Amino acid sequence: MKKLLKTLPLIALLIVATSCTSVRVAADYDKNANFGAYKTFAFFKTGIDKAEISDLDKRRILRAIEAELLAKGFTKSKQPDILVSLFTKSQQRVDVYNNSWGYGGWGWGPGWAWGPGWGWGPGWGWGWNQPNVSTTTQGVLYIDLIDSGKKELVWQGMGTGYLSRNTEKKEARIKEFVTEIMTKYPPIAQQ
């Protein structure tokens, strides 16, 4: 029993950590768009400038998007078929974990030491000590593909997941976000 109680917090932490590593993705698209006709791209500066993230993160995202589009056979062009834009949202999540077990404490309740009755004083029982507080940032990255001739949104991919504050991990996490989102392009109906 003691072994189970000691490993319970570790199991909970492992579940939380593994749930934080995945990126949930979704995409929506214009069913009338001819995705096979899109061969060239450029970045839509006006839209990208509005994204509320640091310029460093913007460049990381744009490099990752460019790499994915080039891998899909696109060419970067000054006269593009599609314009690429992005925007982001984020929110802080605060989790409080009570993961320390203990014995003892003061309380009011039935007294069992010398017989039935009620009493006030030290008692023995399960207790919680020092909760751990963890703050994480959940972010959403939207990648928009806009038909440059029609000036209409034809595809939007969205990725939701937890972000890293560590610079080395952040770059890898951004690549993961973009890669997972771009697996949805082109839409399955058009492949």
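Analyst: Contact here means heavy atoms within 4.5 Å, and helices (H or I, at least four residues) and strands (E, at least two) are DSSP runs, numbered from the N terminus. This is a predicted model, in which local features need pLDDT of at least 70 and side-chain atom pairs count only at pLDDT 80 or more, while totals for chains, interfaces and linings use all residues. Residues are numbered from 1 along each chain as its sequence is written, and side-chain values use heavy atoms, with hydrogens and water left out.

On the H3 side, the residues that meet H4 are Asp57, Arg60, Ile61, Arg63, Ala64, Ile65, Glu68 and Leu69, and their counterparts in H4 are Thr167, Lys170, Glu171, Ile174, Lys175, Val178, Thr179 and Met182. The residues of this contact divide into seven nonpolar, two polar and seven charged, where Ala, Val, Leu, Ile, Met, Phe, Trp, Tyr, Cys and Pro count as nonpolar, Asp, Glu, Lys and Arg as charged, and the others, Gly among them, as polar.

As for geometry, helix H3 spans residues 55-71 and helix H4 residues 167-182, and the two pack at an angle of about 40° with their axes 9 Å apart; axes are lines fitted to C-alpha atoms, for helices over the stretch in contact, and angles run from 0 to 180 degrees between N-to-C directions. H3 and H4 are therefore oblique to each other, given that angles under 35 degrees count as roughly parallel, over 145 as roughly antiparallel, 65 to 115 as roughly perpendicular and the rest as oblique. The crossing of H3 past H4 is right-handed, a crossing being left-handed if the near helix is turned anticlockwise from the far one by less than a right angle, and right-handed if clockwise.

The sheet comes next. Six strands form an open sheet in the order S1-S8-S7-S4-S2-S3, with mixed pairing, and two strands pair if DSSP finds at least two bridges between them. Strand S1 (24-29) and S3 stand at the edges with a single partner strand each, so one side of each is left without a neighbour in the sheet. H3 packs on this sheet, touching S2, S3, S4 and S7, and its direction makes about 175° with that of S2; H4, for its part, lies across S1, S7 and S8 and runs at about 140° to S8.

S4 and S7 pair in the antiparallel sense over 16 bridges, and S7 (residues 132-147) is in turn antiparallel to S8 (residues 152-163) over eleven bridges.

The structure also holds eight aromatic pairs, and one of them, Phe74 with Tyr185, is tilted, at 6.1 Å centre to centre and 50° between the planes. Rings of Phe, Tyr and Trp (its six-membered ring) pair if their centres lie within 6.5 Å, and planes under 30 degrees apart count as stacked, over 60 as edge-to-face and the rest as tilted. Phe74 lies in the loop between H3 and S3 and Tyr185 in the segment after H4, so the pair ties together parts that are 111 residues apart in sequence. The peptide bond from Tyr185 to Pro186 is cis, with omega near -10°, and Pro186 is also placed in the segment after H4.
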